[in-house]
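Hi everyone, thanks for making time.

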Amino acid sequence: MSRPEAPPRLNGEETEDLGVVPPDLLRQVREDVARAGGELPAEPERVGAIGATMFDLPGSEDNSVTVLLPQESAQRAAAQSLVRIASRGDGRVYLGIVTAGPFAEPDTLRADSHLLVTVTARGGVYLPPYHGRLQVTLLGEVLPGGALVPPRLRPLPNSPVFALTDAESTAVLRAEGDLRLGLAVGHKEVVVSIPSTEKSVLPRHLAVLGTTGGGKSTTVARLVQQAQAAGMAVILLDVEGEYTQLHLPADDARMVAALEERGLTPAGIPADKMALYHLVGRETANPEHPNVRPFSLQFARLSPYAAMEILNLSEPQEVRFLEAYDIAKELLRELGVFPEKGVGEEEQARQERILAELDEFERGYPRLELPLLIDVVRACHAHADQKPREGGRSRSKKAEEEQDEQAVEFPLSTPRLRTAEGKQALNRRVHAARPSGNVISWRALLGRLGRLQRMRVFDTHRVKPLNYKDLLRPGAVSVIDLSDTGASELNNLVIADLLRGVQEAQDRAYRDAEKAKRQSREAPATPRVLVVIEETHEFLSAERIDKMPVLFEQVAKIAKRGRKRWLSLAFVTQLPQHLPRQIFGLVNSYVLHKITDPQVVSTLRRTVSGIDEGLWARLPGLAPGQAIVSFPHLARPLLVAVDPSPAKLRLVD
């Protein structure tokens, strides 16, 4: 039988077990000192600290440190909040962001111990001493001058950690700007804004992505309202008619309550600053708007190659389209439509110079109208129909020449071609061109162009086309309502025409400003323009990008030029998986609402840099109105609670 161990002795007297240190010894000592009327001095370097760094473990990762917090500070640092770490012993200072936690862990027991499991499951009042744990990702090392540089080393163990105030966090995150977006999650009053006057931010283009119900419309409405207030010209391509009531203040009870919670008030865009445009012959979703303006399209502005892509012509139809297009150009020249006859040498030389510099991959032949092109196609079809069918009896060359000299009769819709001179010129040009003789292809092309003509939106003289200079007025909001077009091809035609027109008008404004600077004159400010394209996947889809290289090249050129000319594009879609990868190459800023598709999230992970794993993990479960925001001016991507829209949104089922 073994003898019991003798109790430990101190100075010859028996004592309690000296090998077990109470986990809350320091707290007990402080309480004893306080009862005696004294105060235990704190470590000077830890005054105000919320916790301290822990020793590294075999599973530790670079740029990430674990921070332990005492029980009374366990809730002092929320997820995404910023902290400062004063490395103990070497004097280095680091900035970090909480990317996981705060977690609560018991001091002396395992969290899954039988005791704690039993108490939690069956009820009880036992709560052991515990501490908080955070995972902090290092943003950088703070140099003595205040500059933030990539960290070369790591904070040493037991280094004090301090929570940054909202003012300090705003400065560190570089979240200042004149376009308020919302509040940073993890902070009480850190406002995340976008600077509209920095060329490195918005002109580098934006994508607003997320599933239905994630809050994209609210984000767009908020951005439009803030951009207008900052003096930007905003052009909003509205496919569903959801933004046609932005001139009214928000009246939805939930939206008003959310605005009051943020200290904001409902307010619409000033009615005199907002115009609502719709295609001629189509209705607008808000006919009661005080400034409704119909507009038509100009066929001459549309690149023939982009037109072929949008119309989805087959290869034989494309060949015949270009043949007819070339005949139409020669016909306009011969009839003196363009270059125009009798306008003086200087004007005629200017028009000749326009033709010499014309790039048909960007725009069409000046003053070429769709009815005239259809008349040319009819003439080619009639000419082809006169030729002998395959397997039929051949004619002599002389007979063919005699037949070519005869005028072919067919209905004409262009007044200028109904004259004797016009008919002769048309037949002469068609016979000289000897277009391909496949009647079926000509008939199919005629059907495609006829369908386009029946839309009655091109070259309607009673309704003028868009005045792009008016769209670029500072502080103007132009909503292009496409909710009643009824065809994606027509939407694409409008978007292609508008982007091209806006680019040309912006180029002219930019050249005028640069010319004035070179001449040491007071230069007019180049307007800052934001073009928002709703439902971008319907305009540029991954499935059609191989068939629409010219259209995409136009968008890419506008995007590249826009970066230098204050022309910003914002792509908005609920189906980002349908966007071509090339679009993401044009975008540098992102607002990511809830996205549940793992494939889309995987693609974005490879595209958007700087977002930590904690934020990616939260993306599929974001609440409506929350978004992961990544802009070039921000120190890092942030999780933001986007402000409600003060202007009214037309809710669409």
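A quick definition before we start: two strands count as paired if DSSP finds at least two bridges between them. And do keep in mind that this is a predicted model.

With that, look at Val-532, which stands opposite Ala-570 in β18. Leu-530 also faces a residue of β18, namely Ser-568. Strand β17 covers residues 529–533, β18 covers residues 567–573, and the two run parallel, joined by five bridges.

What about β13? That strand and β17 pair in the parallel sense too, over five bridges, and Leu-237 has Ile-533 in β17 as its bridge partner.

Now zoom out. These strands belong to an open sheet of twelve, in the order β11-β10-β21-β20-β19-β12-β18-β17-β13-β16-β14-β15, with mixed pairing. At the edges sit β11 (191–194) and β15 (292–295), each pairing on one side only. On average, neighbouring strands here are turned by 25 degrees against each other, ignoring direction. Packing on the sheet is helix α15, residues 488–518, which touches β17 and β18 among others. The direction of α15 makes about 170 degrees with that of β17.

So, is β17 enclosed or open? Five of its five residues are buried, so β17 is largely enclosed by the rest of the structure. Val-529, Val-531 and Ile-533 are buried on one side, and Leu-530 and Val-532 on the other.

For contrast, take Leu-57, in the loop between β3 (51–53) and β4 (64–69). Leu-57 is exposed, at 52% relative accessible area. Together with Met-54 and Phe-55, Leu-57 makes a nonpolar surface patch of about 330 Å².

Note on methods: Residues are numbered from 1 along each chain as its sequence is written. This is a predicted model: local features need pLDDT of at least 70, side-chain atom pairs count only at pLDDT 80 or more; totals for chains, interfaces and linings use all residues. Side-chain values use heavy atoms; hydrogens and water are left out. Patches are made of residues with over 30% relative accessible area and no salt bridge: like charges are joined within 9 Å, nonpolar side chains (Val, Leu, Ile, Met, Phe, Trp, Tyr) within 5 Å. Accessible areas come from the Shrake-Rupley method with a 1.4 Å probe; for residues, only the protein chains shown count as cover. A salt bridge is a side-chain nitrogen of Lys or Arg within 4 Å of a carboxyl oxygen of Asp or Glu. Helices (H or I, at least four residues) and strands (E, at least two) are DSSP runs, numbered from the N terminus. Buried means under 20% relative accessible area, exposed over 50%, partly exposed in between (1.4 Å probe, protein chains only). Axes are lines fitted to C-alpha atoms, for helices over the stretch in contact, and angles run from 0 to 180 degrees between N-to-C directions. Contact means heavy atoms within 4.5 Å.
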